[in-house]
Amino acid sequence: MQTSFISRNGNYLGLLLANTVLGSAMPMLIILGGLAGLMLAPSTALATLPASLQTLAGLFAAAPFSLLMGKHGRKTGFVTGVVCAVLGALLGVWALYIGSFLLLCIAHLALGAALACYQYFRFAAAETVSAEWQPVAISLMLTSGLIAAFVGPQMFIVAKDALAPIPLAGAYAGLAVLSILGLVPLALTRLPAPTAGAPQSLKDRFASLSILKRKPVRLAVGLGAVSQGIMVFLMVPTPLAMIGCGFSEALAGDVIRWHVVAMFAPSFFTGFLIKRFGVHPIAFMGLALLTVSSIAALSGLTSVHFYGALVLLGIGWNFGFIGATTMLANSVSEDEKALVQGANDTVIALVSTLCAFAAGAIIAGFGWAVLAAVSLALLVIAAAMFVKETREAA
């Protein structure tokens, strides 16, 4: 059923292939951000700063990319994102060669902007199919991350010493090559024309933000922000926490690999579950799994606890994030898409940035257990608010 769905939509297939190639950068950057930061940072407390700035870039890049796509089309926006990725990767190579932590941070800002741009593949996917199939299109688009979960870490292992004796420089060079390759399937797609009614003046754009006050839109944005924020909060410091517990870099990388697998493998069926049971039950299941992940992280510091917590974190993110994206796609009109999607991803980036910075501070000052306890408390509050909002909306 999934194969026939994809085969009937050639443009969707092109987007899927492009997202698969370009998305392979994400698991590489999860590993590189912490390790390169640890290598160049003037203090251990700043080791997660490149990864945090990478997330911060999404805060400033999300809305401009959405408005760019609304005016000039999705393809123009994605090509611009690839340019950011190539520049960021080359800056990363240069930073390692000259030992500049500042330049490394700038490189991850550019790479973070590219990752923010790639988030719009899920909305582009929904635009290539009918409304009935949007949950499936969004869900299957995220299955590209499953391949990325294996390709990214494997490419990191193969490329990291390619520019020896400079550690990790080869991995950044590999990112540049990967980004350029992602342009090939993208060039073969024919995507819908830009949104005609997107507001142009700054005054109109701010006035149109009143759309966010609608309960369905507000609920979708909040759910997406919580799902992404908690995922970043626990994921970003995981390699550092594991190394601090005496585990090897290879084992930390493997935990991240299976976390990314868990993020995207459920996408083969999440969309069909939403079609069968509705979006709200699946979204709530995502919050429940994120809560169990925090409990697992709080329960111990063995490799089993790290594997279990990060796998549950990935599955919970998948249900919550796809649920939120589907809710948002169903809640706005064609004319509202560019502005609302940009505002949505800006809010998600803001929450993710705060979580990334907070995670670095907490892991350095208080440790993994406190980080997990804070995550658990936030999720209990979020789940209660989600149930309340859902009941009121019904």
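Predicted model: local features only at pLDDT ≥ 70, side-chain atom pairs only at ≥ 80, totals over all residues.

Visitor: Which helix gives the most residues to the lining of the largest pocket?

Guide: The largest pocket holds about 430 Å³ of space, and 18 residues line it. Two or more lining residues come from each of helix H13 (215-235), helix H19 (337-365) and helix H20 (368-393). With 9 residues, the helix that gives the most is H13.

Visitor: How many residues of that lining of the largest pocket are nonpolar?

Guide: Nearest the centre of the largest pocket lie Gly-222, Leu-223, Val-226, Ala-382 and Met-385. In the lining as a whole, 2 residues are polar and 2 are charged. The number of nonpolar residues is 14.

Visitor: Which helix gives the most to the lining of the second largest pocket?

Guide: About 240 Å³ of space lies in the second largest pocket, and its lining has 13 residues, with Ile-31, Phe-156, Glu-249, Ala-250 and Gly-253 nearest the centre. At least two lining residues are supplied by each of helix H3 (25-40), helix H9 (144-159) and helix H15 (249-264). The helix that gives the most, with 6 residues, is H15.

Visitor: How many charged residues are in the lining of the second largest pocket?

Guide: The lining of this second largest pocket includes 8 nonpolar residues and 1 polar residue. The number of charged residues is 4.

Visitor: How many residues apart in sequence are the parts that the pair Asp-345 and Arg-122 ties together?

Guide: The side chains of Asp-345 and Arg-122 meet in a salt bridge, at 2.9 Å from N to O. Asp-345 lies in helix H19 and Arg-122 in helix H7 (residues 121-126), so the pair ties together parts whose separation in sequence is 223 residues.

Visitor: What is the distance between the closest N and O atoms of Lys-160 and Asp-161?

Guide: The count of salt bridges in the model is 2, and Lys-160 with Asp-161 forms one of them. Lys-160 is partly exposed, at 26% relative accessible area, and Asp-161 is also partly exposed, at 46%. Their closest N and O atoms are separated by 3.1 Å.

Visitor: Which peptide bond is cis, with omega near 15°?

Guide: The proline concerned, Pro-165, is in the loop between H9 and helix H10 (169-181). The cis bond runs from Ala-164 to Pro-165.

Visitor: What is the phi of Leu-168?

Guide: Leu-168 lies in the loop between H9 and H10. Leu-168 is buried, its relative accessible area being 9%. Although Leu-168 is not a glycine, its phi is positive, at about 75°.

Visitor: What distance separates the C-alpha atoms of Ala-137 and Gly-314?

Guide: Ala-137 belongs to helix H8 (residues 134-141) and is buried, with a relative accessible area of 0%. Ala-137 and Gly-314 are 177 residues apart along the chain, and their C-alpha atoms are separated by 19 Å.

How values were computed: Residues numbered from 1 in each chain as written. Heavy atoms only, no water. 1 Å grid on protein atoms, 1.4 Å probe; cavity = no way out; pocket = protein on both sides within 12 Å on 5 of 7 lines; lining within 4 Å. Points joined across faces, edges and corners; volume = space filled by probe spheres on them. Helix = DSSP H or I, 4+ residues; strand = E, 2+ residues; numbered from the N terminus. Nonpolar A, V, L, I, M, F, W, Y, C, P; charged D, E, K, R; others polar. Salt bridge = Lys/Arg side-chain N within 4 Å of Asp/Glu carboxyl O. Buried < 20%, exposed > 50% of the residue type's maximum accessible area, 1.4 Å probe, protein only.
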